Amino acid sequence: MRRAFLLAAAGLVAGGPALAQSFTDAQRDEIVSILREALRRDPSILRDAFAAIQAAEERERSEAQRAGIVAHPAARFDNPGDPVRGNPRGDVTIVEFFDVRCPYCKRLHEDMEQLIRRDRNVRVVMKDIPILGPQSVLAARALLAAQRQGKYAELHDALMRMRGEPTEAAIRAEAQRAGLDVPRLLREMDDPAIARRIEANLALSRALRIEGTPALVIGETLIPGAVPLAQLEALVAQERQRAR
């Protein structure tokens, strides 16, 4: 009981000015005195208190993300303008938020490709969110322009495998190899409608509290970061079972 009280007190002190103002000066002095003595006897109390705070923050973030996912089903799954990989009629949909320049996205790309080859009933909705600078924006614009020529997957695969930066010259070269009409691609990259699609993706990522790339949404679950193929397959199987 004493340890539980001390952990709660440490959490209150760590909670900042808003919580501190809810106590009288005498109460704050007493809490500080108790904590000082307790920390002298057992320094692990503070570590445990901060761990509890972090766990509470993570629960709050997860709940907010789940609420955002539930609130935006059409934007996530059913936007007819979004590029789709895998089986367009698949029984499990994965929404992938990515940035072409993100090394973890490149790592995930290989596993996603294997997943699509091994599971012919998975649908992957691609959400370009260029958060890593101007060249990321350039690449996202190129991909969405390539989609108009039916070559999104080809250019996406080329850019994700590229070792260097996606400069305009590099994108032009990869587009040429992928069989795109390059002058048309460059022209349509400047279409304001493509800029609006990118902004819509970014707005959705903010609504879902996505803090980096890659991020996957499967059902009502958001998975941050690159996950290995075995975990992807387990998540798909779990969602398939849940939907039955």
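User: Which residue forms a salt bridge with Asp-119?
Analyst: Arg-240 forms a salt bridge with Asp-119, and the closest N and O atoms are 3.1 Å apart. A salt bridge here is a side-chain nitrogen of Lys or Arg within 4 Å of a carboxyl oxygen of Asp or Glu. This pair links distant parts of the chain, 121 residues apart: Arg-240 is in helix H12 (residues 229–243), and Asp-119 is in the loop between H6 and S3. Helices (H or I, at least four residues) and strands (E, at least two) are DSSP runs, numbered from the N terminus.

User: Before we continue, what kind of model is this, and how are residues numbered?
Analyst: This is a predicted model, in which local features need pLDDT of at least 70, side-chain atom pairs count only at pLDDT 80 or more, and totals for chains, interfaces and linings use all residues. Residues are numbered from 1 along each chain as its sequence is written, and side-chain values use heavy atoms, with hydrogens and water left out.

User: What is the mean pLDDT, and which elements have the lowest and highest values?
Analyst: The mean pLDDT of the protein chain is 85, and 80% of its residues reach 70 or more. pLDDT is the predictor's confidence in each residue, from 0 to 100.

User: How many salt bridges does the structure hold?
Analyst: The structure holds 15 salt bridges. One of them joins the side chains of Glu-188 and Arg-184 (3.2 Å, N to O). Glu-188 and Arg-184 both lie in helix H10 (residues 182–188), four residues apart, or about one turn of the helix. Glu-188 counts as buried because its relative accessibility is 17%, whereas Arg-184 counts as partly exposed at 27%.

User: What about Arg-206: which residue is its partner?
Analyst: Arg-206 forms a salt bridge with Glu-199, with the closest N and O atoms 2.8 Å apart. Arg-206 is exposed, with a relative accessible area of 52%, and Glu-199 is partly exposed, at 39%.

User: Changing topic, how many disulfides are there?
Analyst: The structure holds zero disulfides. A disulfide is counted when a pair of cysteine sulfur atoms is within 2.5 Å.

User: Where does Thr-213 lie, and what is it in contact with?
Analyst: Thr-213 lies in the loop between helix H11 (192–207) and strand S4 (215–218). Leaving aside neighbours within four places in sequence, Thr-213 is in contact with residues including Cys-102, Cys-105, Phe-97 and Ile-131. Contact means heavy atoms within 4.5 Å. Thr-213 counts as buried because its relative accessibility is 13%.

User: And Glu-113, what does its side chain make a polar contact with?
Analyst: The side chain of Glu-113, a residue in helix H6, makes a polar contact with the side chain of Arg-85 at 3.2 Å. A polar contact is a pair of N or O atoms within 3.5 Å; within protein, one must be able to donate a hydrogen and the other to accept it, and residues adjacent in sequence count only if both atoms are side-chain atoms. Glu-113 is buried, with a relative accessible area of 14%. Beyond its neighbours within four places in sequence, Glu-113 is in contact with Arg-85, Asp-157 and Arg-161.

User: Finally, which residues of helix H8 are buried?
Analyst: In helix H8 (residues 152–161), the buried residues are Tyr-152, Leu-155, His-156, Ala-158, Leu-159 and Met-160. The elements that they pack against include helix H6 (103–118), helix H7 (134–147) and helix H9 (168–177).

Key:
Buried means under 20% relative accessible area, exposed over 50%, partly exposed in between (1.4 Å probe, protein chains only).
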